[in-house]
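Let's take a walk through this structure together.

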Amino acid sequence: MGLLFDLLMPLMLAGIALYGMVRRVDVYDAVIHGAGDGLGVLYRIVPPLIALLTAVSMLRASGFLELCAQALAPVLDALGIPPETVALMLVRPVSGSAALGVGADILSTYGPDSTVGRTAAVMMGSTETTFYTIAVYFGAAQIKKTRYAIPAALCADLVGFLAAAFAVRLFF
Amino acid sequence: MAMSGLWVGMILVALLCGLCTGRGDAVAAAAVTGAADAVELCLSMAGILCLWMGVMEVMGRSGLSEKLSRLLRPLLRRLFPDFAEDQAVMNTVSANVSANLLGLGNAATPLGLEASRLMARKSPGVASDSLCMFVVCNTASIQLIPTTVASLRSAAGCATPFDILPATWLASTLSILAGVAAAKILARLWPR
C-alpha cells in the first residue's frame, strides 16, 4: 500500500503524458501553458492569503482556536472528527481563501502527515466553497427563491467532513 | 463586505482572546510574521501547483473532457429528468461536470453559470428541482486530483502529498451522494 501511494503521483504523470502523446497532443506545450496558468492562480491567491494568514496566525497565537477545539471536543470526538479541524469546518463553506489560510495553519502546526493534518487536507479536497457557489450560480440565473438548495448543500458538506475523518482512519 | 466582517472579526477576537489569556505578546508576534508566512507558503506551493495545472491542461487537450461528458450523459439524464431531452442544457451540464472532475475551474464556472441560466428559463425567479440539484452538485467537490491541497501539503514538508487521493475520493463520493439524497428528499417536502 505504502509503495503504491508513493508511486501514485509519478504513475499518474506518466499515464496522462502517454495518453496525451497517443492523442497527438503537444504535451510539452500543454504543460508549459498550464503551468503558466498556475502562476495566475498563485497571483490571485497571494493577496487574500497575506490578509487571512495574518488573522489566522493571530487567532492561533491567542489560544482562541484551542479554546474552540476544547469546547467542541466532546461532540466532535463522538463523531470521530479531530477537534483541531473545527476552524476549518467553520470557514470552508464561506470562503475558499480563508479555508486555505486555516488549512495551511493546521498543516504547519500539526504536520501534513499527522491524522489532524491528513483529515484537514481531505476535508479541503472533498468540499467546496458552498455559499460562494450558491450565490454566484443563483445570481447568474436571477433566482430569488432558492428553496432547499442551501440546506441540501450544507448536508453534503457535513457528510463530507464526517467522511473525511472516517476515510483518513480507514486508509492510514 | 461579508469577508470584511469575517477578517475584522478574526483580528478583534484574536486580540481580545490574547489579552484575556495573557498571550498578547504572542499575538503581536503573529501579526508581524503572518504576512511573511503567507508569501513563503505561496512560493513553496508554486512548483507543484503549476506542474499539476500543466498536467490538467494535457488532460483537457487530449479530449478527456469530451470522453468524460459522453460517459456521464446517462447518469446526468437521471439527475435532471426535466431537461433529459433538452440538448443544449445536457451539453452544458455534462461539460461543466467533466470540467469539475478534471479540476479545470476556469472552464467549469462559466459552463455552470450558462447551464443554470438555461435551466432557469423554465421557471424564472424560482429554483426548480433540477436547478437545485445542479447547484448542490456544484457545491460538492468532485475534483479527481485536488492540486491545491496537494501543493499545500508539499509546502508543509510532506514527501507524498498525493497519498490522500483515495481518502479524498471516498469522502467526495459520500459527500455528493448525501447532497443528492438530501435534494431528492427535500424536493418532496418543499413547496414550489
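## Where the two chains meet

In this predicted model, 85 residues of chain A are in contact with 83 residues of chain B. On chain A's side, the elements that give two or more residues are helix H1 (2–22), helix H2 (27–62), helix H5 (96–110), helix H6 (115–126), helix H7 (130–140) and helix H8 (149–171). The largest share comes from H2(A), with 27 residues.

What kinds of residues does the side of chain A that touches chain B have, by class? There are 56 nonpolar ones, along with 19 polar and 10 charged. As for the predictor's own scores, the complex gets an ipTM of 0.90 and a pTM of 0.90. Chain B has a mean pLDDT of 91, with 99% of its residues at 70 or more.

## Chain A at a glance

If you trace chain A, you'll count 8 helices and 0 strands. Along the sequence, that reads as α-α-α-α-α-α-α-α. The C-alpha trace spans about 55 × 50 × 30 Å along its principal axes.

Chain A has 172 residues, and 49% of them count as buried. Now take the contacts in chain A with a separation of 6 or more: 61% of them are between residues 24 or more positions apart.

## A core made by both chains

The largest nonpolar core has 117 residues. As a general background point, nonpolar side chains tend to be buried together in soluble globular proteins.

Leaving out residues up to four places away in sequence, B:Val136 touches A:Ala149, A:Ala152, A:Ala153 and A:Ala156 from chain A, plus B:Gly179 and B:Ala183 from chain B.

## Helix H6 of chain A

H6(A) has 12 residues, and from its first C-alpha to its last it reaches 16 Å, close to the 16 Å expected at 1.5 Å a residue. Is this helix mostly covered or mostly uncovered? It's mostly covered, with 11 of the 12 residues buried. Among them are A:Val116, A:Arg118, A:Met123 and A:Ser126.

The buried residues of H6(A) have partners in both chains. In chain A they pack against helix H4 (86–91), H5 and H8, and in chain B against helix H7 (147–155) and helix H8 (165–189).

## A kinked helix in chain B

Next, find helix H3 of chain B, residues 64–79. Where does the kink in H3(B) lie? Look at B:Arg73, shortly before the proline B:Pro74: the kink there is about 50°.

B:Leu64, B:Ser65, B:Leu68 and B:Ser69 are buried in H3(B). What covers the buried residues of this helix includes helix H2 (24–61) and helix H4 (87–101) of chain B.

B:Gly22 sits in the loop between helix H1 (2–20) and H2 of chain B. Why does B:Gly22 count as exposed? Because B:Gly22 has 9 C-beta neighbours inside 10 Å, and 12 or fewer makes a residue exposed. From B:Gly22 to B:Leu43 is 21 residues in sequence and 34 Å in space, C-alpha to C-alpha.

Definitions and conventions
Residues numbered from 1 in each chain as written. Chains lettered and ligands numbered in written order. Predicted model: local features only at pLDDT ≥ 70, side-chain atom pairs only at ≥ 80, totals over all residues. Bend = angle between axes of the 7 residues up to and from the residue. Helix = DSSP H or I, 4+ residues; strand = E, 2+ residues; numbered from the N terminus. Buried ≥ 20, exposed ≤ 12 C-beta atoms within 10 Å, placed from the backbone. Contact = placed C-beta atoms within 7 Å. pLDDT = per-residue confidence, 0-100. Core = buried A, V, L, I, M, F, W, Y, C linked by C-beta atoms within 7 Å. Nonpolar A, V, L, I, M, F, W, Y, C, P; charged D, E, K, R; others polar. Expected span 1.5 Å × (residues − 1).
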